[in-house]
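Biologist: Could you take me through the sheet of this one, strand by strand, and pick out a couple of residues along the way? I'd like one connected account.

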Amino acid sequence: MKLASAEVPATAPSATEAIRMVAGFDVKPTLTIVAGPPDALKQLDLQWHEKAWPGLAGPGSETFLILPPGSGGVAIGWVPVKDIAPPGLPSRIAAVTGTAEFVALSAHGTHLCAVTEEEYEYWIIVRSLG
């Protein structure tokens with residue numbers, strides 16, 4: 001990923017609100033992937049690219065907003081980025097942070113997408129905000 005020049009939309013949820021939207025007790029995943037098999041991250045990458053990427057980046061654009069994964073990301077807030085090497089975002093994040101978890105928002109603020117790790121599964125969560 002690389003930094004992009006984009007503004008955070010005024011309608012974007014705060015970082016804390018976004019975390020609650022994907023980590024609340026009532027959250028239902030769009031898709032689950034068993035985390036145990038050796039190819040689990042590869043499957044996560046493929047499913048992320050199929051289920052989340054189209055609403056996140058939109059046609060002809062790789063720019064979206066991300067909460068920096070790891071500690072401190074909520075304090076930093078939304079960062080505009082461009083994924084210059086799709087697919088494979090979840091496994092690239094896992095290689096750097098040790099976990100595939102992250103929260104992203106479309107550049108227009110209309111789609112919230114996330115990967116979470118729940119017990120023995122990866123969850124892909126896709127929410128329409130508009």
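**The sheet and its hairpins**

Modeller: The protein has five helices and seven strands, where helices (H or I, at least four residues) and strands (E, at least two) are DSSP runs, numbered from the N terminus. Bear in mind that this is a predicted model, in which local features need pLDDT of at least 70, side-chain atom pairs count only at pLDDT 80 or more, and totals for chains, interfaces and linings use all residues. Residues are numbered from 1 along each chain as its sequence is written, and side-chain values use heavy atoms, with hydrogens and water left out.

Reading from the N terminus, the order of elements is β-α-β-α-α-β-α-β-α-β-β-β. The radius of gyration is 13 Å, close to the 14 Å that the globule rule gives for 130 residues, so the protein is as compact as a globular protein of that length. That radius is taken over C-alpha atoms, and the rule is 2.2 Å times the number of residues to the power 0.38. Along the principal axes, the C-alpha atoms fill a box of roughly 40 × 30 × 25 Å.

Now the sheet. The seven strands make an open sheet, ordered β1-β4-β3-β5-β6-β7-β2, with antiparallel pairing. Two strands pair if DSSP finds at least two bridges between them. At the edges sit β1 (2-3) and β2 (31-34), each of which pairs on one side only. As a general point, strands of a sheet pair through backbone hydrogen bonds, either parallel or antiparallel.

Four bridges link β2 to β7 (residues 121-128), in the antiparallel sense, and Thr32 has Trp123 of β7 as its bridge partner. On to β7 and β6: these two run antiparallel and are joined by eight bridges. Glu117 stands opposite Tyr122 in β7. β6 and β7 form a hairpin with two residues between them, and Glu119 in that turn has a positive phi of about 50°.

The next pair is β5 with β6 (residues 111-118), again antiparallel, over four bridges. Here Leu105 is partnered by Leu112 in β6. β5 and β6 also form a hairpin, with four residues between them, and Gly109 in the turn shows a positive phi of about 80°.

Glu101 is partly exposed at 34% relative accessible area; buried means under 20%, exposed over 50%, and partly exposed in between (1.4 Å probe, protein chains only). Leaving aside neighbours within four places in sequence, Glu101 is in contact with Pro69, Ile93, Val115, Thr116 and Glu117, contact meaning heavy atoms within 4.5 Å. As for Pro9, 92 residues away along the chain, its C-alpha atom is 23 Å from that of Glu101.

The other stop is Thr63, in strand β3 (residues 63-67). Thr63 counts as buried, at 15% relative accessibility. Not counting residues up to four places away in sequence, Thr63 touches Ala4, Ala6, Leu56, Ala57, Val81, Lys82 and Ala107.

Zooming back out, 38% of the 130 residues count as buried. Among contacts between residues at least 6 apart in sequence, 62% join residues at least 24 apart.
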